[in-house]
Amino acid sequence: MSDATPHPERRFVDRSLVQLTLVRFREFIRQPEAVFWTFVFPILLAVGLGLAFRSRAPDKPRIGVVTTPTTSRIIASLRRDSSMVVEQMDDSAAARALRTAKVTLLVVPEPDGSVRYVYDPVRSESATARLIADRAIQAGAGRTDPVKVTERRVTERGSRYIDFVIPGLLGMNLMGSGIWGIGFAIVDSRGKRLLKRFMATPMSRAEYLMSFLFSRLFFLILEVVALLGFGALAFGVPLRGSLLELGLICLVSALAFGGLGLLIASRAKTVEGVSGLMNFVMLPMWIFSGVFFSSSNFPNAVQPLIKALPLTAVNDALRANMLEGTSISGLSTEMIIISAWLVASFVLALKLFRWR
């Protein structure tokens with residue numbers, strides 16, 4: 001046989017990798033629930049969150065004024081400021097309204113002409129209401145502002161909640177489709193004893209596992225375009241960074257989560273078992289990795305652990321690229337973390353994987 005002629009066994013392996021990748025693709029598109037959770041659910045979630053936290057003027061604080069002989073003067077001063085909703089009430093009604101959060105601040109006029117503020121300092125809106133109410137009352141008593149001020153109001157895309165949450169939803173979707181999509185398919189095949197048949201072929205474990213990662217690439221494009229395209233068209237979510245670099249971040253992230261899916265499914269024998277393992281792995285990232293709120297809200301003592309999670313690095317990289325226009329060179333820390341998870345999970349999956 002000529003040296004230029006590919007070895008028959010090598011040709012079989014090459015064809016098998018292509019065919020296995022196509023099988024993964026067909027398996028996915030034939031599962032309506034998988035298509036829904038991968039493409040439709042993130043968009044529906046974006047619609048709900050975008051409408052719930054749409055850009056709008058802040059709610060006016062509700063101020064309760066306790067009825068006393070000097071109440072009318074205080075109410076007149078407060079109502080000159082249109083940024084508050086002022087209600088007059090008796091002692092019992094005022095206490096109940098504050099206790100049930102129907103008002104954010106109580107104003108109690110004292111007989112000597114002074115004013116007492118009653119509020120919960122833990123509630124940030126109450127502290128703000130106290131400042132607004134005091135400004136109005138002092139102005140009503142004749143205080144003037146010695147410094148003239150002007151203002152210019154601007155609205156910038158990138159500072160809204162929907163701008164924050166779209167990259168988080170994309171990161172969550174990359175994680176979910178990578179771990180669930182790959183892990184379930186492998187364990188389901190193992191449970192049906194289909195993997196045992198592959199043992200009689202020249203195909204290696206690496207080629208079998210790589211077919212799952214390759215099949216993710218096609219769906220990755222659809223996932224990213226569908227969610228980011230919807231966010232940009234429906235809510236004007238900015239894409240300030242390089243689209244090519246954004247695609248690279250998504251590619252490495254999808255492969256890293258795919259590697260985690262391979263690792264989790266490398267030994268699991270039942271769907272129930274792998275489901276528990278997947279939830280165990282993903283639950284900390286859903287909570288700590290800043291999908292719906294910033295991960296910086298957690299104590300500084302746990303920040304190193306949170307930053308080491310792959311979804312945290314993915315979300316930070318996506319937000320920096322999309323909202324700030326940061327290049328890949330400025331995301332070296334995040335890309336190193338994501339790449340480390342990719343390499344470590346795939347290598348461990350190769351070592352631990354069993355056909356049966």
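Colleague: What share of the contacts in the chain with a separation of 6 or more comes from residues 24 or more positions apart?

Modeller: Such residues account for 75% of those contacts. Keep in mind that this is a predicted model.

Colleague: How many helices and strands are there in the chain?

Modeller: The chain has 13 helices and four strands.

Colleague: And how much of the chain counts as buried?

Modeller: Of its 356 residues, 41% count as buried. The chain exposes about 19600 Å², and carbon and sulfur atoms supply 62% of that area.

Colleague: On to the sheet. In what order do the strands come?

Modeller: The order is β2-β1-β3-β4, in an open sheet of four strands with mixed pairing.

Colleague: Which strands stand at the edges?

Modeller: Those are β2, residues 85–89, and β4, residues 115–118. Each has a single partner strand, so one side of each is left without a neighbour in the sheet. From one strand to the next, the twist averages 25°.

Colleague: Do me the pairs one by one. In which sense do β1 and β2 pair, and over how many bridges?

Modeller: They pair in the parallel sense, over five bridges. In β2, Glu-87 is the bridge partner of Gly-64, and Gln-88 is the bridge partner of Val-65.

Colleague: Through which helix does the chain cross from β1 to β2, and what is the hand of the crossover?

Modeller: The chain crosses through α3, and this β-α-β crossover is right-handed. Helix α3 covers residues 71–79 and lies across β1, β2, β3 and β4. Its direction is at about 165° to β1.

Colleague: What about β1 and β3, parallel or antiparallel?

Modeller: Strand β1, residues 62–66, pairs with strand β3, residues 105–109, in the parallel sense over three bridges. Gly-64 has Leu-106 as its bridge partner in β3, and Ile-63 stands opposite Leu-105 in that strand.

Colleague: Which residue in β4 is the bridge partner of Leu-106?

Modeller: That is Val-118. The strands β3 and β4 run antiparallel and are joined by four bridges.

Colleague: How many residues sit between the strands in that hairpin of β3 and β4?

Modeller: There are five residues between the strands, and in this hairpin Gly-113 takes a positive phi near 95°.

Colleague: Back to β1 for a moment. How many of its residues are buried?

Modeller: Four of its five residues are buried, which leaves β1 mostly covered.

Colleague: Now Val-115. Where is it in the fold?

Modeller: Val-115 is in strand β4. It counts as partly exposed, at 24% relative accessibility. The cut-off for buried is under 20%.

Colleague: Which residues is Val-115 in contact with, leaving aside its neighbours within four places in sequence?

Modeller: Val-115 is in contact with Ile-74, Val-107, Val-108 and Ile-137.

Colleague: A change of topic: Ser-177. Buried or exposed?

Modeller: Ser-177 is buried, with a relative accessible area of 10%. It lies in helix α6, which covers residues 161–191.

Colleague: What does the side chain of Ser-177 reach at 2.8 Å?

Modeller: At that distance it reaches the backbone oxygen of Asn-173. The side chain of Ser-177 also makes a polar contact with the side chain of Glu-223, at 3.2 Å.

Colleague: One more serine. Which helix does Ser-332 lie in?

Modeller: Ser-332 lies in helix α13, residues 332–352. It counts as partly exposed, at 39% relative accessibility.

Colleague: How far apart in space are Ser-332 and Ala-317?

Modeller: From C-alpha to C-alpha they are 9.3 Å apart, and in sequence they are 15 residues apart.

Terms used. Residues numbered from 1 in each chain as written. Predicted model: local features only at pLDDT ≥ 70, side-chain atom pairs only at ≥ 80, totals over all residues. Heavy atoms only, no water. Pairing = 2+ DSSP bridges. Helix = DSSP H or I, 4+ residues; strand = E, 2+ residues; numbered from the N terminus. Axes fitted to C-alpha atoms, helices over the stretch in contact; angles between N-to-C directions. Contact = heavy atoms within 4.5 Å. Right-handed = clockwise from strand over helix to strand, strands pointing away. Buried < 20%, exposed > 50% of the residue type's maximum accessible area, 1.4 Å probe, protein only. Areas by Shrake-Rupley, 256 points an atom, 1.4 Å probe, with all protein chains shown as cover. Polar contact = N/O pair within 3.5 Å; in protein donor to acceptor, adjacent residues only side chain to side chain.
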